[in-house]
Amino acid sequence: MKTEGKPTLRRDARRNQERLLTAAAEAFREKGLAVPLEEIAQRAGVSAGTLYNRFGGREALIDAVMPELVAERMNEAMRRAEAVDDPWESFVTYVTVLCEQQADDPAFRDAISRQLQDAPELTARCTAELAKSVRLLERAQRSGTLRPDVTSDDLMLLIFTNALIVRETVESNPNAWRRTLSFSLAGLRAGCGS
């Protein structure tokens, strides 16, 4: 029996799939997207063969788990930013929330900084979600508070740079990224080197 072009899974296979998805989400959030797949299978109480049979590999598992999680995080950042009336503070809120989320969630950090380009659904979701930030950027520029030469590519580089800082300092100085972010935001403000 098939549904929407996909074979219907047996009850035990559906249960194993759900356990794998749950275990993957937990492991990714704890350790990032490079967590060994064998560890995910073990957490789910299934063999590694079951994981590979069901998903084929890391990219498909990431695509099954991460796009929704990325959208939730980025939508939270956007909601918080849109609740701020001042255009500059709204932009700063958005960037700061994304950076905080990177510090708190290794999976989000890896996903948003494009650590895994071979997961097409995740890459598409990240691109679509980041594209929504353009309206915050343009609003701050229209208000005269954000440098006019700042682009969405600059925002992406800022997010990528923060991911690297968090990854390298998470154990030794978990808040180092905040200082670097404050310098970066100061440089993006209109009148500061434009």
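Biologist: What is the helix content of residues 36-55, and how far apart are the end C-alpha atoms of that span?

Modeller: In this predicted model, residues 36-55 are 80% helix and 0% strand, and the end C-alpha atoms of the span lie 14 Å apart. The UniProt annotation "DNA-binding region", which comes from an unreviewed entry, covers these residues, and such annotations may be inferred rather than shown by experiment.

Biologist: Which residues does the annotation "domain: HTH tetR-type" cover, and what secondary structure does the chain have there?

Modeller: According to the unreviewed UniProt entry, that domain covers residues 14-73; over this stretch the chain is 83% helix and 0% strand, with its end C-alpha atoms 27 Å apart.

Biologist: How many helices and strands does the protein have, and in what order do they run?

Modeller: The secondary structure comes to 10 helices and 2 strands, and from the N terminus on the order is β-β-α-α-α-α-α-α-α-α-α-α. The C-alpha trace spans about 60 × 40 × 25 Å along its principal axes, and 45% of the 194 residues count as buried.

Biologist: How do you know that the span of helix H9 agrees with its number of residues?

Modeller: Helix H9 takes in residues 152-169, and its 18 residues, at 1.5 Å a residue, should span 26 Å; the expected span is 1.5 Å times one less than the number of residues. The end C-alpha atoms of H9 are 26 Å apart, and therefore the value agrees with the expectation.

Biologist: Why is Thr169 called buried?

Modeller: The cut-off for buried is under 20% relative accessible area; Thr169 has 17% relative accessibility and therefore counts as buried. Thr169 is found in helix H9, and, leaving aside its neighbours within four places in sequence, Thr169 is in contact with Pro174 and Ala176.

Biologist: Which residues of H9 are buried, and what covers them?

Modeller: The buried residues of H9 are Leu155, Met156, Leu158, Ile159, Asn162, Ala163, Ile165, Val166 and Thr169. Their cover includes helix H5 (87-104), helix H6 (106-112), helix H7 (120-131) and helix H10 (176-188). As background to reading such a list, an α-helix has 3.6 residues a turn, so residues three or four places apart point the same way.

Biologist: What share of the contacts in the protein with a separation of 6 or more comes from residues 24 or more positions apart?

Modeller: Such residues account for 67% of those contacts, where contact means heavy atoms within 4.5 Å.

Note on methods. Residues are numbered from 1 along each chain as its sequence is written. This is a predicted model: local features need pLDDT of at least 70, side-chain atom pairs count only at pLDDT 80 or more; totals for chains, interfaces and linings use all residues. Side-chain values use heavy atoms; hydrogens and water are left out. Helices (H or I, at least four residues) and strands (E, at least two) are DSSP runs, numbered from the N terminus. Buried means under 20% relative accessible area, exposed over 50%, partly exposed in between (1.4 Å probe, protein chains only).
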